[in-house]
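This briefing sets out selected features of one protein structure, grouped by topic. Please read it alongside the sequence and the coordinates shown here.

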Amino acid sequence: MNTPHDEILQDDPVIPPITHSEVVYEGAVWDIRRETFDLPEASGLVRDLMAHTGAVGIAVVDDQKRILLAQQYRHPVRARLWEVPAGLLDVPGEDPLDAAKRELVEEADLTAEHWDVLSDSCLTPGGSSETMRLYLARGLAEVPEADRHERGEEEAGFQYAWVSIDEALDAVADGRITNAIAQLAIFQVDRVLQAEAAGEPVALRPVDAPRRLVDGRPDFGRGASVETTGASED
């Protein structure tokens, strides 16, 4: 099997020639865009994709090394899922870290003193442009009750649990926690806590670390004006 890669294993950003791009459905949170593009290995490819703003998630860990999980109803799967605090990057120009801090206040009534980057992810790259930056938040403080955000819609039904990492890992392995972002957060936090317990160096990126598939590249998410080699309709 031929598996060429650089000395450092990494994803390669690519901007192929796009001959046509149009929004075929404009939704409340995301749009569906149909694009025709060429690759060296194939031409005239047509794909529908969810044009998404992107998102942030927060793995919140307290002084007892427990992770915060919030249960929220998700209509597409008709279930209340255990998740970590997360939210859309839907405020124009907002820095992802600022968005994460805002979501932590709004969804968990918490602030955090210490922030690190755990991962950058493409959640469903076969059909969506959504990327998520997952942060680790520690050094927690409660938001004063008078300053707390009034949650509405599905968020009004939030239930919370502080869970040990071992219990959370068991829940993932047993199929009881199915949200992919929550699973990723649990795995990443376990990696960090195990290294710290062993006195080993922990590989964490600073909050201003670039997002390889996002920063410095032409926007291809919701509201983007996609440059094409042919006619386009945005």
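**Helix α2 and its surroundings**

In helix α2, which spans residues 165-173, the buried residues are I165, A168, A171 and V172. Viewed down the axis of α2, these buried residues fall within an arc of 120°, so they line one face of the helix. The model described here is predicted.

- An α-helix has 3.6 residues a turn, so residues three or four places apart point the same way.
- On the face of α2 turned away from the buried side, the exposed residues are D166 and A173.
- The cover over the buried residues of α2 includes strand β5 (66-74), strand β10 (159-164) and helix α3 (180-197).
- Just after α2, G175 adopts a positive phi of about 80°.

**Overall architecture**

- The protein contains three helices and 10 strands.
- Along the sequence, these elements follow the pattern β-β-β-β-β-β-β-α-β-β-β-α-α.
- Taken along the principal axes, the C-alpha atoms fill a box of roughly 55 × 45 × 35 Å.
- Of the 234 residues in the protein, 36% are buried.
- Where contacts join residues at least 6 apart in sequence, 61% of them connect residues at least 24 apart.

**Aromatic pairs**

- Two aromatic pairs are present in the structure.
- The rings of W115 and Y135 have centres 5.9 Å apart and planes at 80°, so this pair is edge-to-face. An angle over 60 degrees between the planes is the criterion for that class.
- This pair links distant parts of the chain, with W115 in strand β8 (residues 110-122) and Y135 in strand β9 (residues 131-142), 20 residues apart.
- Both W115 and Y135 are buried.
- For F158 and Y160, the ring centres lie 5.7 Å apart and the planes stand at 85°, so this pair is also edge-to-face.
- F158 counts as buried because its relative accessibility is 9%, and the cut-off for burial is under 20%.
- Y160, in contrast, is partly exposed, with a relative accessible area of 35%.

- With a relative accessible area of 8%, S119 is buried.
- Apart from its neighbours within four places in sequence, S119 is in contact with M132, R133, L134, L184, Q188 and R205.

- By class, the lining of the second largest pocket consists of 14 nonpolar, six polar and nine charged residues.

Note on methods: Residues numbered from 1 in each chain as written. Predicted model: local features only at pLDDT ≥ 70, side-chain atom pairs only at ≥ 80, totals over all residues. Heavy atoms only, no water. Nonpolar A, V, L, I, M, F, W, Y, C, P; charged D, E, K, R; others polar. Buried < 20%, exposed > 50% of the residue type's maximum accessible area, 1.4 Å probe, protein only. Helix = DSSP H or I, 4+ residues; strand = E, 2+ residues; numbered from the N terminus. Arc of directions from axis to C-beta. Contact = heavy atoms within 4.5 Å. Phe/Tyr/Trp six-rings, centres within 6.5 Å; stacked < 30°, edge-to-face > 60°.
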